Amino acid sequence: MTARAYSETGDPVLTQAVRRRTADDLYGIVGLQASYNIKISRVILQPFVRAEYEHEFLGDGTTIKTHFTSQPALELETPVQNSSQNYGRVGGGLNVKLVEMISAKISADALVGRDDGYEYTVNAGIQLTF
């Protein structure tokens with residue numbers, strides 16, 4: 001991943017410029033998902049649960065280098081630590097096939113076991129198939 005350099009705008013005493021930086025990451029994921037179809041009239045409900053194990057093969061942290069735009073010679077370095085390399089993701093949800101071409105989905109995930117905190121995700125959507 002390469003992030004471009006940029007400068008903030010506004011009061012030069014308060015704004016910063018951030019240098020270009022690169023970081024390499026490679027993740028592997030293996031998991032299981034279980035689901036079951038429940039038919040109610042013409043509607044099909046498909047509840048599901050899943051569990052995944054994730055491993056980070058690359059990623060050694062990085063350092064973000066910045067300076068205040070009023071003091072370009074005074075560089076600030078902020079280390080960004082590498083997170084734990086082994087963690088899990090658990091989740092589940094419900095797919096609902098309303099009619100042949102239209103289905104809806106809601107799901108939630110939680111990232112667990114990381115040193116640098118947790119992550120929660122909720123997704124909802126409608127799918128049209130043609």
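## Reading an all-strand model: pairing, burial and salt bridges

Author: Let's start with a surface feature: strand S10 (86–99) and strand S12 (119–128) each supply at least two residues of a nonpolar patch. Please keep in mind that this is a predicted model.

Reader: Thanks! Which residues form the nonpolar patch on the surface, and what is their accessible area together?

Author: The patch is made of Leu98, Val99, Met101, Ile102, Ile126, Leu128 and Phe130, and together they have about 790 Å² of accessible area.

Reader: Let me take one member. Where is the place of Leu128, and is Leu128 buried or exposed?

Author: Leu128 sits in strand S12. Its relative accessibility is 59%, and because exposed means over 50%, Leu128 counts as exposed.

Reader: Good. Now the whole chain: how many helices and strands does the secondary structure come to?

Author: The count is 0 helices and 12 strands. Read along the sequence, that gives the pattern β-β-β-β-β-β-β-β-β-β-β-β.

Reader: And what do the totals for the chain say about burial and surface?

Author: Of the chain's 130 residues, 21% count as buried. The accessible surface of the chain is about 9,600 Å², and carbon and sulfur atoms hold 57% of that. For contacts, take those with a separation of 6 or more: residues 24 or more positions apart account for 49% of them.

Reader: What about S11 and S12: how many bridges join them?

Author: There are 10 bridges, and S11 and S12 also run antiparallel. Lys105 stands opposite Gly125 in S12. This hairpin has 6 residues between the strands, and in it Gly113 takes a positive phi near 85°.

Reader: Which strand is joined to S10 by 12 bridges?

Author: That is strand S7 (residues 43–58), which runs antiparallel to S10. You can find your way with Tyr53, whose bridge partner in S10 is Gly88. So S10 pairs with S7 and with S11.

Reader: Can we zoom in on single residues? Which residues does Leu45 touch, not counting those up to four places away in sequence?

Author: Leu45, found in strand S7, touches Tyr36, Asn37, Ile38, Ile40, Leu94, Asn95 and Val96. Its relative accessibility is 23%, so Leu45 counts as partly exposed. For a distance to check on screen, the C-alpha atoms of Leu45 and Leu98 are separated by 8.7 Å, while the residues are 53 apart along the chain.

Reader: And Ser107: is it buried or exposed?

Author: Ser107 is buried, with a relative accessible area of 6%. This residue lies in strand S11. Leaving aside neighbours within four places in sequence, Ser107 is in contact with Phe48, Gly92, Gly93, Thr121, Val122 and Asn123.

Reader: Last topic: how do I read the salt bridges? How many does the structure hold?

Author: Here is the general idea: side chains of opposite charge can pair when their charged atoms come close. This structure holds 4 salt bridges. Glu52, Glu54, Arg89 and Glu119 are linked in a network of them.

Reader: What are the N to O distances in that network?

Author: For Arg89 and Glu52, the closest N and O atoms are 4.0 Å apart. That pair links distant parts of the chain, with Arg89 in strand S10 and Glu52 in strand S7, 37 residues apart. Arg89 and Glu54 meet at 2.9 Å. Glu54 lies in strand S7, so this pair with Arg89 of S10 ties together parts that are 35 residues apart in sequence. Arg89 and Glu119 meet at 3.6 Å. Since Glu119 belongs to strand S12 and Arg89 to S10, that pair ties together parts 30 residues apart in sequence.

How values were computed:
Residues are numbered from 1 along each chain as its sequence is written. This is a predicted model: local features need pLDDT of at least 70, side-chain atom pairs count only at pLDDT 80 or more; totals for chains, interfaces and linings use all residues. Side-chain values use heavy atoms; hydrogens and water are left out. Patches are made of residues with over 30% relative accessible area and no salt bridge: like charges are joined within 9 Å, nonpolar side chains (Val, Leu, Ile, Met, Phe, Trp, Tyr) within 5 Å. Accessible areas come from the Shrake-Rupley method with a 1.4 Å probe; for residues, only the protein chains shown count as cover. A salt bridge is a side-chain nitrogen of Lys or Arg within 4 Å of a carboxyl oxygen of Asp or Glu. Helices (H or I, at least four residues) and strands (E, at least two) are DSSP runs, numbered from the N terminus. Buried means under 20% relative accessible area, exposed over 50%, partly exposed in between (1.4 Å probe, protein chains only). Contact means heavy atoms within 4.5 Å. Two strands pair if DSSP finds at least two bridges between them.
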